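Student: Could you walk me through this one slowly? I'd like to know what I'm looking at before we get to the details.

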Amino acid sequence: MLAIIVVISCLMGARAFERQALLTPEAQHVIQNSGGDAAEISTVSGLRPSRHGKCGASKGFVALGDSYSAGIGTGVNGTENDCRQGLHAHPQMIAADCGPIAFQFLSCTGAGTANVMVGGEESQLDHFNTSLPVDFALLSVGGNDLGFFEVMNACVFRFYNFYSGTCETALNHSRTLLESDEFEIRLRVVITEILDAVKWEKKPDFAITVTGYARFFNELTDGCDDMSFGVWWNGPKLTKALRSAMNTLVLAVNAKIRGTVAQINADFTSDKVFFVDHDEAFDGHRFCELNVTEPDYARNDTWFFLVGGQDNARNATLPQHSSGVKTLPPTSPLVDPLSCLGPAYKSGDWGVLALCYMAVAKHYDPTLRFARGDIVAQNSMWYVPTYYGKTFHPRSLGHEAMRDKIYEMWRSRDKSR
């Protein structure tokens, strides 16, 4: 029988263990994605045979975790739900290939390990309907625990201007979190609670597949040293030293997850957890590739989003950069500089944090100049959170690569059994 999985890809968010409200299982849906138009089917009664034979006799699965699993920004046209779930997230693609009888899409942007755990605030596992068939799970968690948004903000974008702190401080904080025992313990708890929820003793083929991260940059090129992604005028440069430091952090996270998976498997007679590393699949598709002038919004071969950048889904009709994207009303609490910080920290949502940071920075220094004219709309109104929060997240082709690496692992495990 084909291998069963859960995917963990930890790469998002800012404040540990908090995020916005989850969607309930009843509100979830499956999107058929075969490279053409998407067709929605029922999550509870949409049984149809697997088109590609990827999932064997699977009758259902659950997707849990953060924005890497939610697919923020993929396949959307400016609208969004509270969890920023994208139509071309790799769980959506796998659901379309598997044609399960039940698909619970609980992944939510901003989620940390505490938001997946049983009893946590807006716990995803508390929303998990175990009465529905579930043969495997997809999970993505960890980046919010490790302060990745703090690094992005301080080192790359400076949404909060000088309040963003120093890049070195942010990097050191993430390293400290990664080196502590807390992240490993929380990851072990999440995995254990997933196995307990599905009563793994009665499901010998159920397993958890943990995915790592892809490095964001080609750190060897010279052309990026004088380029910037900063949102304010004269932002930080994408030097080789910065690119190398951020890539090294990603590799360290991958190593930590791989090691934790190995330790968990040591407690079982057969492996229940599998690590999938999709980093090499992103070679040639990172920021700062050879002969690329960043920020390059026209390059579909870059598999990560820029602020406001369009998606790169295959055969899709895509809007031009920043056109047709919804804006927030001037009275939105998300951009109220006197009250937005507390809710933004609690949400853990990169887009909500970025919006609030920029609104506060501009409030206290009206002379600040945006680096580009597309940071805000022509009428100086702010765009919706996804416009900002999807940055440095995989675009549709990146999610395809993640999906394919998962399938590759399934085939490999199948042959070894």
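Tutor: Let's begin with a term: buried means under 20% relative accessible area, exposed means over 50%, and partly exposed lies in between (1.4 Å probe, protein chains only). This is a predicted model, in which local features need pLDDT of at least 70 and side-chain atom pairs count only at pLDDT 80 or more, while totals for chains, interfaces and linings use all residues. Residues are numbered from 1 along each chain as its sequence is written, and side-chain values use heavy atoms, with hydrogens and water left out.

Student: Okay, so is Glu168 buried, exposed or partly exposed?

Tutor: Glu168 counts as partly exposed, because its relative accessibility is 44%. Its side chain meets that of Arg175 in a salt bridge, 3.2 Å from N to O, where a salt bridge is a side-chain nitrogen of Lys or Arg within 4 Å of a carboxyl oxygen of Asp or Glu. Arg175 also counts as partly exposed, at 27% relative accessibility.

Student: How many salt bridges does a search of the whole structure find?

Tutor: The search finds 17. One of them joins Arg84 to Asp349, with the closest N and O atoms 2.8 Å apart.

Student: And what does that pair tie together?

Tutor: Arg84 lies in the loop between helix H1 (67-70) and helix H2 (90-98), and Asp349 in the loop between helix H9 (341-347) and H10, so the pair ties together parts that are 265 residues apart in sequence. Helices here are DSSP runs of H or I with at least four residues, and strands are runs of E with at least two, numbered from the N terminus. Both Arg84 and Asp349 are buried.

Student: New topic: how do H5 and H10 cross?

Tutor: The axes of H5 (residues 148-157) and H10 (residues 350-364) come within 11 Å and cross at roughly 35 degrees; axes are lines fitted to C-alpha atoms, for helices over the stretch in contact, and angles run from 0 to 180 degrees between N-to-C directions.

Student: Which residues make the contact?

Tutor: Phe148, Phe149, Met152 and Asn153 of H5 contact Trp350, Leu353, Ala354 and Tyr357 of H10, where contact means heavy atoms within 4.5 Å.

Student: Last one: where is the pLDDT below 50?

Tutor: The pLDDT, the predictor's confidence in each residue from 0 to 100, is below 50 over residues 1-52, and also over residues 317-322. Where pLDDT is low, the predicted coordinates should not be read in detail. The chain averages a pLDDT of 84.
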